[in-house]
Amino acid sequence: MATAAPASVKGFNCAANRMYPCQAYALYHAGFAGVLLDLTAISDLFVVSRFMVAHPNNLSTTAAPANEQPLLVPLQCGCPSRSPSSYAPMQYQIGPGDTYWIVSTTKLHNLTQYQAVERVNPTLVPTDLDVGPMVTFPVFCQCPAAADNATTLVT
């Protein structure tokens, strides 16, 4: 039985008429909140190849994105069992000074909320994170409705 999301967590609701899983894209702004990452760092953050980020953005794999340049980053969107929200589960290794809020707002540019991170990682204590564990950050996404005509991005 699915449990309802807390009112403070906003994301995309799972729906029976959606086609899960699907290929989706996050709109990630290079240089958001004063943190400018190169294509390699962005690829590492989302655990995808540089080519997978460069190709849909018409960039070379050695390109340095401009500050605040919007980039499409590919995700595998789904609706995991017992989850009221659809998301792409992104694995992130906790580093020194990281909190769910810091990673959600600065490194992931608000593509998720720290409350959602708490919900999908119930065995971790968010106020007592050690350096090193892998944490799932649910990057909110949505798949097309079954009735929609899905189109492929052609570049």
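A disulfide here is a pair of cysteine sulfur atoms within 2.5 Å.

Me: Happy to look at this predicted model with you. What pattern do the disulfides of the chain follow?
Reply: The structure holds three disulfides. Cys 14 is bonded to Cys 79, Cys 22 to Cys 143, and Cys 77 to Cys 141. Counting bonded cysteines along the chain, the pattern is 1-4, 2-6, 3-5.

Me: Nice. Is the disulfide of Cys 22 and Cys 143 left-handed or right-handed?
Reply: The sulfur atoms of Cys 22 and Cys 143 lie 2.2 Å apart. Because the torsion about their S-S bond is about -95°, this disulfide is left-handed.

Me: How many residues apart in sequence are the parts tied together by Cys 77 and Cys 141?
Reply: The S to S distance for Cys 77 and Cys 141 is 2.1 Å, and with 95° about the S-S bond their link is right-handed. Cys 77 sits in strand 3 and Cys 141 in the segment after strand 5, so the parts they tie together are separated in sequence by 64 residues.

Me: Is Cys 141 buried, partly exposed or exposed?
Reply: The cut-off for buried is under 20% relative accessible area. Cys 141 has a relative accessibility of 4%, so this cysteine counts as buried.

Me: And Cys 79, is that one buried, partly exposed or exposed?
Reply: Cys 79 pairs with Cys 14, their sulfur atoms being 1.7 Å apart. The relative accessibility of Cys 79 is 27%, so the label is partly exposed.

Conventions. Residues are numbered from 1 along each chain as its sequence is written. This is a predicted model: local features need pLDDT of at least 70, side-chain atom pairs count only at pLDDT 80 or more; totals for chains, interfaces and linings use all residues. Side-chain values use heavy atoms; hydrogens and water are left out. Buried means under 20% relative accessible area, exposed over 50%, partly exposed in between (1.4 Å probe, protein chains only). Helices (H or I, at least four residues) and strands (E, at least two) are DSSP runs, numbered from the N terminus.
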